[in-house]
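Please read the following briefing alongside the sequence and the coordinates.

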Amino acid sequence: MSKQWADSTDGSFKRQVSSFQEVISPSHPIYKPAKNRYWLYVSLACPWAHRTLITRALKGLTAVIGVSVVHWHLDSEGWRFLTADQATRERADKDASYYEPAGGITTATLDYSNPQAKVANNSARMFVDSTFDPNEQFERLSQLYLKTDPNYRARYTVPVLWDTQTQTIVSNESAQIIRTLNSGVFDEFADPGTEPIELVPKNLEREIDEINAWVYDNINNGVYKAGFAEKADIYEKEVANVFEHLDKAEKILKDRHEALVEKHGKNNITDILDDYFLAGNQLTEADVRLYPTIARFDPVYVQHFKCNLTTIRDGYPYISLWLRNLYWGNDAFRLTTDFNHIKLHYTRSHTRLNPLGITPLGPRPDILQL
Ligand SMILES: N[C@@H](CCC(=O)N[C@@H](CS)C(=O)NCC(=O)O)C(=O)O
């Protein structure tokens, strides 16, 4: 676990293939749909895990599938949880590893040039920095992997969809987890107060798959390929590629917006925004999969991954409007977006990219008003 990205010999970043890829379905021999049987292990910083949280919320499954959040700091042993006995501040105060600067852990107080700050990455503010694992009382995400398969030797990644009954990992592939959550197998347990939504409607399936394919390779994973490149020529090629594909997304959204202005009239902003999405005039999986990367773009990827040809807010008015519409207009997006976890995780965990671990204060605000 010395590197936080897959090894490659040519200085480029290669993401590993996920090892567990089962689905939950009435016809599956083991993983049958049920309420309170499955559990999601996520990081609030991770864009792949973020998709699963958004989908869980959109599908009304927050009371059906529980969630544990790992600490934002990814260390050499991987992701960790706080333990249940770190649950109270009083208890944590007695713990020698607990340190919180006056005024809370902010980007300014976490500074590796301050010896105490190394300890600050061990902050144990339950439900702020992390939650715990109520199922197995594990301290490390790795324990879920090793419980499922003692011979597991690949990376211990989030998200993990866990079966509390067999105590095994169902899937650690976010693309597949969101398809499972969307598939309808949990609909009978879903919160009746949530408006039913189909994220991959049949008539848009091809368009969604097509958008997902280039968004995944060139934007979601593209920012990582730029940021983790170990040679300037690879970085320059990858960063140009990211922006070429942001241009492509901008063009799609601009065309959509123009068509909606035509349909509703330019002053009917509410109706325009109600229909303003990537594929068709409805919220789909394509939006769910692009959003986590765009939300992280200005706060983190611009400086940390050097994707700084421009920002979303300055260079992409239509993507920016789409982003703000999802964030401010839909709880499933806003309440699952934690800019503190996002900023602290990247800038404090990737010590090769940011050895001093000083977290940039800006941009301010993290996201513009609608
Ligand atoms: N294919 C996976 C990728 C997940 C992934 O790469 N997660 C990262 C966080 S953003 C992780 O957990 N990395 C931990 C590590 O590599 O040690 C998915 O989409 O579910």
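**Surroundings of two annotated residues**

Beyond its neighbours within four places in sequence, Trp-79 is in contact (heavy atoms within 4.5 Å) with Ser-43, Val-70, His-71, Trp-72, Leu-74, Glu-139, Arg-140, Leu-141, Tyr-156, Val-158 and His-345. This is a predicted model, in which local features need pLDDT of at least 70 and side-chain atom pairs count only at pLDDT 80 or more, while totals for chains, interfaces and linings use all residues. Residues are numbered from 1 along each chain as its sequence is written, and side-chain values use heavy atoms, with hydrogens and water left out.

**Annotated site**

- The UniProt annotation "binding site", which comes from an unreviewed entry, covers Trp-79, Arg-155, Tyr-156, Thr-157, Val-158, Glu-173 and Ser-174; such annotations may be inferred rather than shown by experiment, and their positions are given in the numbering used here.
- Trp-79 lies in the loop between strand 2 (66-69) and helix 2 (89-94), where helices (H or I, at least four residues) and strands (E, at least two) are DSSP runs numbered from the N terminus.
- Trp-79 counts as buried because its relative accessibility is 7%, the classes being buried under 20% relative accessible area, exposed over 50% and partly exposed in between, with a 1.4 Å probe and protein chains only.
- Thr-157 sits in the loop between helix 4 (142-148) and strand 3 (160-163), and with a relative accessible area of 23% Thr-157 is partly exposed.
- Not counting residues up to four places away in sequence, Thr-157 touches Gln-16, Leu-141, Tyr-145 and Asn-172.

**Chain as a whole**

- The chain contains 14 helices and four strands, and 55% of its 370 residues count as buried.
- Among contacts in the chain with a separation of 6 or more, 72% are between residues 24 or more positions apart.

**Cavities**

- Two cavities of 30 Å³ or more are counted, a cavity being a set of points on a 1 Å grid over the protein atoms alone where a 1.4 Å probe fits but cannot get out, and lining residues having an atom within 4 Å of a point.
- The largest cavity holds about 80 Å³ of space, with volume taken as the space filled by probe spheres set on the points, which are joined across faces, edges and corners.
- Helix 10 (285-304), helix 11 (312-315) and helix 12 (317-329) each supply at least two residues of the lining of the largest cavity, and helix 10 gives the most, with four residues.
- Residues lining the largest cavity include Ile-294, Asp-298, Arg-313, Leu-323 and Asp-366.

Note on methods
On a 1 Å grid over the protein atoms alone, a cavity is a set of points where a 1.4 Å probe fits but cannot get out, and a pocket is an open set with protein on both sides within 12 Å along at least five of seven lines; lining residues have an atom within 4 Å of a point.
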